[in-house]
Amino acid sequence: MNLNNIINEIEKVDGDAIDRMDSRRSALKNFVNFGGKLALTAVPLAFGSMFKKAYAGTKNVADVFDVLNYALTLEYLEAEFYATSLTSPGLLPAGEVLNGIQTISKHETAHVNFLKTAITAAGGTPVEKPTFDFSGGNGSGNGPFKDAFKDLGLFLAVAQTFEDTGVRAYKGRAAELVGGGDYLTAALKIHSVEARHASFIRFLRKNLGSGVGNLKPWITGKQSGINSSAVQASYDGEEVTNQAGVEIVNINGFPISADAASEAFDEPLSAADVLMIVDGFIV
Amino acid sequence: MPKSQFTQERLVASREEIAQLSRRRFLGYASAATGLIAVASSCKKEATSSNPSSLDGVDLGSGDPGILNYAYALEQLEAAFYTQVIMTQYSGISATETALLTDIRDHEISHREFFKNALKDAAIQDLEVDFSTIDFSSRDSVLATAKAFEDLGVTAYNGAGRLIVSADYLVIAGKIVSVEARHAALIRELIMKGTFADDTALDADGLDGARKPSEVLAIAGTYLKTKINADNLPTY
């Protein structure tokens, strides 16, 4: 996507557009300089938001569209990931695994449709589905997870990472939805479902013996339970034990370990961190 | 500072900076809120004769501190339940189940004590629970109650989110609700495989539920001897 071309197109239609966006110029410049591949995936979302702000001036509406389109992008990723798994011969054994993945796949597809409908109904424009490379190889098909649809252990490891990351991603944008009424409630209703999925997949991996260490339905410290450093960014920061200035370890004399204290609170991830994590999966 | 510049700076700010900022704002807000609560409750004492409903049960308070007290009440209930579950373990409990339920107990105690410390003087009293309907020696009874509490907790936080004014409080609620959802899914899997997010929890859009405080307290009240008064909570 060529950002300059789009700005030029807008100027053709509305010569004052860039002037009206003047106060946003430095932000726009930051994005252009943000760097290579990351900027390409980040720009459609962020630019759409700046565009709406410049025109509508109603920051809450633009913020809400921005967050919902961000959520939609992540839901597209998950929906296509699970749909692909269900058509991959020999990947998912019948019974608990197949049933569980079918359930999750149904939810992710429903989330995509729900968000598209919600954005459209509110007068926004849903982002298009990106092209994905589930190997994590930026379109090469040769990334660290290239066998994800052949190897059940690897597939479930990627699934867990997507779900845990999704939980953190929604949380990372929650602050922008303060006062968002139904939209905030909708985001929360999806967020907790992602956490249910994450819990299920983690428990399943534990029971299949494919987890590393003492894998639990909740996140202990910053342990991924996955034998790959490629997923670590999705878990860094989960180890905190201090919440809003309140230390949870041994709080008020109760023997709460650092592990339990970290497990008890899931941590947010900023949009920048999430976009960096999913960058390799988005072509 | 223009809004979009702020957004950009926030986007590239390090996680540590965000955490520090959140902490400062949270603490600032909490102390201001504590002052407000003190004023509100002292006013109410004088007004009780003309406001009979305020005599009826423990007043959660108003605004964000009221919502935090609401969460504190629910976490008191959950923590008391799992504390009992671990003290008097049901017959046939497996080592895996003991470990998982002990973890959950510790999470709920962490939540409860967090709210207590965050609310400081505005915190409601310790609640007295009524678990007379629960058979703690029975796996079925314990897990069915756990499932009800965890699913209820998820819908409670999902429903209360929109009533929270402070972004920092909202994020804290978000940090807790996803852990409750992890608990809910696990308990459901212990009861029956494949039910972690079935149609009894989710709607046709694949969304979890959301309940208003009044709806949640009507259900939770079954397990509480202490009466809760949510009259001053914000509504929608």
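Guide: Leaving out neighbours within four places in sequence, F281(A) is in contact with L77(A), F132(A), D133(A), F134(A) and G136(A). Keep in mind that this is a predicted model.

Visitor: Where is F281(A) placed in chain A?

Guide: F281(A) sits in the segment after α10 of chain A.

Visitor: Is F281(A) buried or exposed?

Guide: F281(A) is buried, because 23 other C-beta atoms lie within 10 Å, and the cut-off for buried is 20 or more.

Visitor: And how far is F281(A) from F162(A)?

Guide: Their C-alpha atoms are separated by 11 Å, though the two residues are 119 residues apart along the chain.

Visitor: New topic. Where does K129(A) lie?

Guide: K129(A) is in the loop between α6 (96-121) and α7 (152-174) of chain A. With 15 C-beta neighbours inside 10 Å, K129(A) counts as partly exposed.

Visitor: Let's do α7(A). What span should its 23 residues have?

Guide: At 1.5 Å a residue, α7(A) should span 33 Å, and its end C-alpha atoms are 33 Å apart, which agrees.

Visitor: How many of the residues of α7(A) are buried?

Guide: In α7(A), 21 of the 23 residues are buried, so the helix is mostly covered.

Visitor: How do the axes of α7(A) and α10 of chain A cross?

Guide: The axes of α7(A) and α10 (residues 271-278) come within 9 Å and cross at roughly 150 degrees. That angle makes α7(A) roughly antiparallel to α10(A), because angles over 145 degrees count that way. The crossing is left-handed.

Visitor: Which residues make the contact?

Guide: From α7(A) they are T165(A), A169(A), G172(A) and R173(A), and from α10(A) they are A271(A), V274(A) and I277(A). By class, this contact has 4 nonpolar, 2 polar and 1 charged residues.

Visitor: Now chain B. How many residues of chain A are in contact with it?

Guide: In chain A, 62 residues are in contact with 55 residues of chain B. Several helices of chain A each supply at least two residues to that side, among them α3 (25-32), α4 (36-56) and α9 (258-263).

Visitor: Which helix gives the most?

Guide: α8(A) does, with 15 residues on the side of chain A that touches chain B.

Visitor: What classes of residue does that side have?

Guide: The side of chain A that touches chain B has 31 nonpolar, 19 polar and 12 charged residues.

Conventions. Residues are numbered from 1 along each chain as its sequence is written. Chains are lettered from A and ligands numbered from 1 in the order in which they are written. This is a predicted model: local features need pLDDT of at least 70, side-chain atom pairs count only at pLDDT 80 or more; totals for chains, interfaces and linings use all residues. Helices (H or I, at least four residues) and strands (E, at least two) are DSSP runs, numbered from the N terminus. A residue is buried if 20 or more other C-beta atoms lie within 10 Å of its own, exposed if 12 or fewer, and partly exposed in between; C-beta atoms are placed from the backbone. The expected span of a helix is 1.5 Å times one less than its number of residues. Axes are lines fitted to C-alpha atoms, for helices over the stretch in contact, and angles run from 0 to 180 degrees between N-to-C directions. Angles under 35 degrees count as roughly parallel, over 145 as roughly antiparallel, 65 to 115 as roughly perpendicular and the rest as oblique. A crossing is left-handed if the near helix is turned anticlockwise from the far one by less than a right angle, and right-handed if clockwise. Two residues are in contact if their C-beta atoms, placed from the backbone, lie within 7 Å. Ala, Val, Leu, Ile, Met, Phe, Trp, Tyr, Cys and Pro count as nonpolar, Asp, Glu, Lys and Arg as charged, and the others, Gly among them, as polar.
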